[in-house]
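Here is a short briefing on an interface and its charged pairs. Look at the structure first, then read on.

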Amino acid sequence: MSVEAMLQTIKLLLPALMPSWRFFSVIAPSPRIEITLLKTAKDTPDSWQEFRPRPAHLSIGSMLKRMFYNARWNEALFLTSLAERLSSNPTEHSSQEILKRIKAELVRNSFDSFDSAATPHLQFRLVFVHREGEQLQKHVTFISPVYGSFGDTDS
Amino acid sequence: MSLDYAIRLTEILLALAFIQQSIEHFRAPRDEQRLFIPRFILSILLLFGFQTQWVCLALVILALFILRRFQGPYNGGSDRMGLLVLCCLSLINFMPSSLWREYVFGYLAIQLVLSYFFSGWVKIKNPEWRNGQALRDVFQFSAYPVSEALRTWMNWPRLLVVMSWSVILFELLFPLSLMTPTTLIIGLVIASTFHLANACLFGFNRFFWIWMAAYPSILWLQQRIFIVEQL
């Protein structure tokens with residue numbers, strides 16, 4: 001590990017040793033990750049779907065089960081952090097982490113209407129939801145390049 | 001509660017929390033498995049008290065690799081608390097005297113108290129928390145409610161005001177629970193109920209287990225202060 005990498009790691013460790021504990025001090029705009037599947041890399045997306053939408057209902061039993069195993073939800077919380085990082089301080093790490101997890105989901109074939117042969121390209125965007133007065137507003141803060149669903153960046 | 005007993009209890013609770021977290025990564029990509037399967041094994045060793053000094057040190061080194069892997073905490077505040085508990089336990093093992101061990105364990109206890117107090121302080125300063133709007137926003141559009149059905153809680157403004165003030169007062173008044181052993185037990189029962197509610201409503205299950213791991217430190221510190229005052 002280089003000196004620079006060590007310093008970077010220590011910088012990541014310090015907030016844990018001297019925490020500020022300011023949970024939910026303000027309710028900041030909240031990110032959603034949306035994805036679209038495209039036939040070609042040059043297509044313009046006409047519809048976006050929310051990635052990992054929450055279920056309509058969750059029983060008390062399921063909530064209690066999640067006390068012991070909540071991998072999928074905790075990954076969703078990590079995706080939220082990545083989306084916030086990507087908006088405030090864009091890095092290759094954040095976008096690649098999001099992309100990797102979207103691709104993994106597509107491979108598991110749990111995403112609606114995914115057909116790797118018909119729509120082999122994908123793009124994601126970040127939409128931030130916030131309240132202005134009584135109205136909810138949505139703002140797109142980031143649009144990714146077009147990627148091959150199973151390959152590298154196309155453009 | 002003796003210092004040694006409180007430390008051992010912390011090791012056991014931290015090991016259980018790390019085991020729970022590690023299992024959640026068993027189906028993750030291989031590079032994550034390479035970090036969390038060793039963490040699982042080390043946590044089992046910590047649970048049974050095998051070479052705790054070196055196991056804790058190994059867990060700290062592994063935690064640094066995990067921090068690098070995710071370029072920060074994977075699970076925000078719960079990872080930070082986990083790191084704090086782990087670093088304190090590791091430091092305790094290498095302290096030259098019992099007094100220094102007490103300072104380090106006391107630091108963990110104070111951070112636990114501050115984790116509640118400062119969270120309450122930043123909320124009471126915010127008018128949107130005082131009038132219930134902040135909690136309404138949490139339910140209406142934040143990423144945290146675990147189901148769409150929970151978003152309908154935004155339609156219960158009076159309930160949200162009561163909930164907001166309950167959270168604010170509990171967090172701000174938590175330090176007062178240190179006054180007697182009984183009030184501290186009551187405070188910790190309320191605190192764990194609060195974490196349980198957060199786990200059910202917002203999916204913060206890791207917070208519940210990791211904050212529990214820090215509770216022995218505050219139980220020990222309260223007794224330490226209480227006994228010194230009686231002498």
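**Interface and salt bridges**

Chain B and chain A bury about 5,100 Å² between them, and carbon and sulfur atoms give 61% of that area. Arg68(B), Tyr74(B) and Phe141(B) supply 13% of what chain B buries against chain A, more than any other three residues. The model is predicted.

**Make-up of the contact**
- Chain B brings 64 residues to the contact, and chain A brings 52 residues.
- Between chain B and chain A there are 33 residue pairs in polar contact, both at pLDDT 80 or more.
- Helix α5 (residues 98–124) of chain B gives the most to the side of chain B that touches chain A, with eight residues.
- That side of chain B has 35 nonpolar, 15 polar and 14 charged residues.

**Salt bridges within a chain**
- Over all chains, the structure holds 22 salt bridges.
- Arg101(A) pairs with Glu75(A), with the closest N and O atoms 2.7 Å apart.
- This pair links helix α4 (residues 92–107) to helix α3 (residues 71–88) of chain A, 26 residues apart.
- Arg101(A) counts as buried at 2% relative accessibility, and Glu75(A) is buried at 14%.
- Glu171(B) pairs with Lys123(B), with the closest N and O atoms 3.0 Å apart.
- Glu171(B) lies in helix α8 (residues 157–173) and Lys123(B) in helix α5 of chain B, 48 residues apart.
- Both Glu171(B) and Lys123(B) are buried.

**Salt bridges between chains**
- Seven salt bridges run between chain B and chain A.
- One joins Arg131(A) to Asp137(B), with the closest N and O atoms 2.7 Å apart.
- Arg131(A) is buried at 18% relative accessible area, and Asp137(B) counts as buried at 2%.

Terms used
Residues are numbered from 1 along each chain as its sequence is written. Chains are lettered from A and ligands numbered from 1 in the order in which they are written. This is a predicted model: local features need pLDDT of at least 70, side-chain atom pairs count only at pLDDT 80 or more; totals for chains, interfaces and linings use all residues. Side-chain values use heavy atoms; hydrogens and water are left out. Contact means heavy atoms within 4.5 Å. Buried area is the accessible area (1.4 Å probe) that two parts lose on being put together, summed over both. A salt bridge is a side-chain nitrogen of Lys or Arg within 4 Å of a carboxyl oxygen of Asp or Glu. A polar contact is a pair of N or O atoms within 3.5 Å; within protein, one must be able to donate a hydrogen and the other to accept it, and residues adjacent in sequence count only if both atoms are side-chain atoms. Helices (H or I, at least four residues) and strands (E, at least two) are DSSP runs, numbered from the N terminus. Ala, Val, Leu, Ile, Met, Phe, Trp, Tyr, Cys and Pro count as nonpolar, Asp, Glu, Lys and Arg as charged, and the others, Gly among them, as polar. Buried means under 20% relative accessible area, exposed over 50%, partly exposed in between (1.4 Å probe, protein chains only).
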